[in-house]
Amino acid sequence: MKKQMAFAALAGVMALTACSSGNNDGQEGQSSGGGKVTVWAWDPNFNIAAMKLAKEAYAAENPDVNVDIIEYAQADIIQKLNTGLNSGTTSGLPNVVLIEDYRAQSFLQAYPDSFYKMSDLIKPGDFADYKLSSTSLDGVQYGVPFDSGVTGLYVRKDLMEQAGYSVDDLQNIDWDQFIEIGKAVKEKTGKAMLTQDPNDLGLIRMMIQSAGAWYTAEDGTTPDLKDNAALKDAFATYKKLMESDTVKMISDWSQFLAGFNTGDVATVPTGNWITPSVKAEASQSGQWAVVPMPKLKNTASSVNASNLGGSSWYVLNVDGKEQAAEFLAKTLGSDAELYQKLVTDIGVIGTLKAATEGDAYNQEDAYFGGQKIVSDFAAWTQKIPQVNYGMHTYAIEDILVSAMQSYLGGADLDKVLSDAQSQAESQLG
């Protein structure tokens with residue numbers, strides 16, 4: 001069973017979501033005691049930068065504690081953790097590690113004794129509710145919830161106006177309304193409504209979480225595809241979208257960025273972490289707004305809020321764990337002022353509720369026409385339905401990518417999902 005769970009954690013290593021790149025700087029992490037804390041994370045401009053600010057904040061009162069931050073690609077961290085934890089050898093592992101929320105349960109369930117309990121050091125209720133399912137196990141809090149992957153619909157106001165719509169017309173809509181607006185935009189402006197990579201089902205993930213559903217049942221292990229009403233609605237909606245002649249097809253990240261930076265698409269439905277990439281095109285300043293994510297029309301539980309991506313911090317049960325846990329608890333686990341700096345300097349929207357009351361979260365953004373987008377994202381974060389991402393997100397999604405292609409090719413939806421259920425049970429059972 002242990003090896004099976006380890007395989008699940010490794011599944012889909014290369015199917016990384018937002019903020020999942022990074023380069024090894026050649027250093028090796030070492031378990032450390034006393035006044036040293038070793039941290040592994042990816043993405044120098046986001047996660048690494050955030051941890052450096054946490055290090056500075058902690059050093060103000062704890063100058064004798066050395067926090068050593070080491071950058072690896074997310075795939076390398078997953079591989080190194082699995083190798084070390086599966087072998088039972090902790091030598092070379094860090095004190096603190098960043099784990100993507102979609103993968104966290106794979107590690108916690110496979111190696112529950114390898115992670116330090118944070119329940120007595122942080123208050124889980126201080127964080128957005130939706131983060132707690134992925135960062136805890138059997139009622140014990142292990143992770144320190146970090147960034148919000150809250151989604152929004154980024155909208156080109158000028159293109160909408162050319163098509164006869166205002167930003168208000170896109171507030172709290174469903175996906176069917178989105179598609180109809182997209183048809184008008186295409187007709188009036190010649191622009192596609194959004195980009196889509198047919199091998200990336202991030203949009204499906206956003207749709208089903210908006211309804212409080214996931215690829216697995218509430219236990220986080222049992223595949224839930226065949227009788228999953230929200231997933232069926234999401235598949236049908238996705239097909240309707242793909243057949244609406246409003247989608248610009250892409251195949252990689254650079255094409256995704258180019259789609260909105262060059263003005264080829266009118267909207268971008270994705271996580272808030274895309275904001276810096278949108279703002280990278282200075283010529284479009286003032287032309288963008290962000291509205292709540294569309295919801296599924298035919299699923300009553302669906303709301304105009306969802307999530308894509310996001311990660312949390314964990315302390316490993318190695319030498320120096322007490323010091324590492326204290327460092328995390330006093331910084332990213334409770335320091336609302338630190339989160340003001342994180343959002344101002346880096347663009348990290350944290351899930352610590354107290355941070356949302358600070359000035360930095362209520363600043364107007366000139367690029368978005370003076371909209372307080374951080375405040376809006378923080379408010380939407382609190383509305384994200386809580387789901388258990390469980391053990392097999394990427395393994396099941398690999399199955400669903402093929403299922404979606406069959407469905408788009410004309411196969412019956414019920415049969416497609418039934419076959420996917422059988423395949424998932426066979427591979428993961």
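Two residues are in contact when heavy atoms of theirs lie within 4.5 Å. With that in hand, welcome to this predicted model.

Across the boundary, 36 residues of domain 2 are in contact with 23 residues of domain 1. Together the two domains bury about 2600 Å² between them, and 59% of this lies on carbon and sulfur atoms. On the domain 1 side, the residues that lose the most area to domain 2 are Tyr102, Leu308 and Tyr367, which together make up 34% of what that side buries.

One place to start looking is an open sheet of five strands, ordered 2-1-3-12-6, in which the pairing is mixed. At its edges stand strand 2 (66–71) and strand 6 (144–145); each has a single partner strand, so one side of each is left without a neighbour in the sheet. Further in, strand 1 (residues 36–41) and strand 3 (residues 96–100) run parallel and are joined by two bridges. Valine 39 has valine 96 in strand 3 as its bridge partner.

Another open sheet has three strands in the order 10-7-11, with antiparallel pairing. Here the edge strands are strand 10 (267–271) and strand 11 (288–291), each pairing on one side only. On average, neighbouring strands of this sheet are turned by 25 degrees against each other, direction ignored. Strand 7 (residues 151–156) and strand 10 run antiparallel, with five bridges between them. Along this pair, leucine 153 stands opposite proline 269 in strand 10.

**Helices across the sheets**

| Helix | Strands it lies across | Angle |
|---|---|---|
| Helix 2 (residues 47–59) | strand 1, strand 2, strand 3 and strand 12 (311–315) | about 175 degrees to strand 2 |
| Helix 12 (residues 321–330) | strand 1, strand 2, strand 3, strand 6 and strand 12 | about 145 degrees to strand 12 |
| Helix 14 (residues 373–381) | strand 7 and strand 11 | about 145 degrees to strand 7 |

**A pair of helices**

Trp175, Asp176, Phe178 and Ile179 in helix 7 meet Thr237, Lys240 and Leu241 in helix 9. Sorted by class, this contact has four nonpolar, one polar and two charged residues.

Definitions and conventions
Residues are numbered from 1 along each chain as its sequence is written. This is a predicted model: local features need pLDDT of at least 70, side-chain atom pairs count only at pLDDT 80 or more; totals for chains, interfaces and linings use all residues. Side-chain values use heavy atoms; hydrogens and water are left out. Two strands pair if DSSP finds at least two bridges between them. Helices (H or I, at least four residues) and strands (E, at least two) are DSSP runs, numbered from the N terminus. Axes are lines fitted to C-alpha atoms, for helices over the stretch in contact, and angles run from 0 to 180 degrees between N-to-C directions. Ala, Val, Leu, Ile, Met, Phe, Trp, Tyr, Cys and Pro count as nonpolar, Asp, Glu, Lys and Arg as charged, and the others, Gly among them, as polar. Buried area is the accessible area (1.4 Å probe) that two parts lose on being put together, summed over both.
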